[in-house]
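Work through the exercises below with the sequence and the model at hand. Try each task before reading its solution.

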Amino acid sequence: MLTELTVGGLIFHIMSVEPQIPDTMVAPNVIMKFNEHNILIGENSVREPIIGYGYDFNLIDHANGSIDFKLGAYLQDDQTFKDKGIKLAFNNFMPIMGFEVDLPINKHVAVSTTITPLMTFTGLTFKF
C-alpha cells in the first residue's frame with residue numbers, strides 16, 4: 001500500500017564540476033513509498049528519464065520530523081552525458097546513498113530533503 005508520495009524537486013549539485021550541469025535546478029520527480037520501499041520516476045541532471053528503487057532505514061521518527069538512511073539506485077540513458085563529454089563512473093547505473101530528512105508542515109504533509117555526497121533533492125511529501 002502507498003504510504004508516502006513525494007513530488008518535486010529542487011536539486012542542488014554539491015560536487016558538480018561540469019559546466020554543462022547547473023548547480024541548482026528544478027526537475028519533475030516522483031517518489032512513491034510503500035513502507036520502506038521507494039520507486040523513483042523522473043529526470044536526471046541532463047533532463048533525461050530515470051527510474052529507480054530505494055530502501056529506507058528509519059533512524060529517527062519524531063513528531064518534529066524524521067531521518068532515514070536511504071540506499072538505492074536508478075537507471076538512466078548515459079548517452080546525453082557522453083555527448084556532453086561527461087564520464088559517469090557506473091555508466092547508466094547511478095547508485096544512491098544518503099539521508100532523507102522530513103520536516104513536517106502538518107500531520108500529512110512534510111518538506112523532504114535527501115542529502116547525498118553528490119547532490120540534494122527537496123520535494124513535498126504527502127503521507128497516507
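## Starting point

Val-111 has its place in strand 7 (residues 109-115); helices (H or I, at least four residues) and strands (E, at least two) are DSSP runs, numbered from the N terminus. The model is predicted, so local features need pLDDT of at least 70 and side-chain atom pairs count only at pLDDT 80 or more, while totals for chains, interfaces and linings use all residues. Residues are numbered from 1 along each chain as its sequence is written, and side-chain values use heavy atoms, with hydrogens and water left out.

## Exercise 1: the surface at Val-111

Task: Decide whether Val-111 is buried, partly exposed or exposed, and find the nonpolar patch that holds Val-111.

Step 1. Buried means under 20% relative accessible area, exposed over 50%, and partly exposed in between (1.4 Å probe, protein chains only).

Step 2. Val-111 has 31% relative accessibility, so Val-111 counts as partly exposed.

Step 3. Patches take residues with over 30% relative accessible area and no salt bridge; like charges are joined within 9 Å, and nonpolar side chains (Val, Leu, Ile, Met, Phe, Trp, Tyr) within 5 Å. Val-111 belongs to a nonpolar surface patch that also includes Leu-2, Phe-34 and Phe-126.

Step 4. Together the patch residues have about 790 Å² of accessible area, computed by the Shrake-Rupley method with a 1.4 Å probe, where for residues only the protein chains shown count as cover. Strand 2 (24-34) and strand 8 (119-127) each supply at least two residues of this patch.

## Exercise 2: the strands

Task: Describe how the strands are arranged, then follow strand 6 to its partners.

Step 1. Two strands pair if DSSP finds at least two bridges between them. The 8 strands form a closed barrel in the order 1-2-3-4-5-6-7-8, with antiparallel pairing.

Step 2. Strand 5 (residues 65-76) and strand 6 (residues 93-104) run antiparallel and are joined by 10 bridges. In strand 6, Val-101 is the bridge partner of Ile-67, and Met-94 is that of Tyr-74.

Step 3. Strand 6 is also joined to strand 7, by 6 bridges and again antiparallel. Here Glu-100 stands opposite Thr-114, and a hairpin of 4 residues connects the two strands.

## Exercise 3: the salt bridges

Task: Which salt bridges does Lys-33 form, and are the residues buried or exposed?

Step 1. A salt bridge is a side-chain nitrogen of Lys or Arg within 4 Å of a carboxyl oxygen of Asp or Glu. The count by this rule is 10.

Step 2. Lys-33 forms a salt bridge with Asp-56, with the closest N and O atoms 2.8 Å apart. Lys-33 lies in strand 2 and Asp-56 in strand 4 (residues 49-62), so the pair ties together parts that are 23 residues apart in sequence.

Step 3. Lys-33 also forms a salt bridge with Glu-100, where the closest N and O atoms are 2.7 Å apart. This pair links strand 2 to strand 6, across 67 residues.

Step 4. Lys-33 has a relative accessible area of 2% and is therefore buried. Asp-56, at 4%, counts as buried, and Glu-100 is buried too.

Step 5. Lys-33, Asp-56 and Glu-100 are among the members of a network of salt bridges, which also includes Asp-102 and Lys-127.
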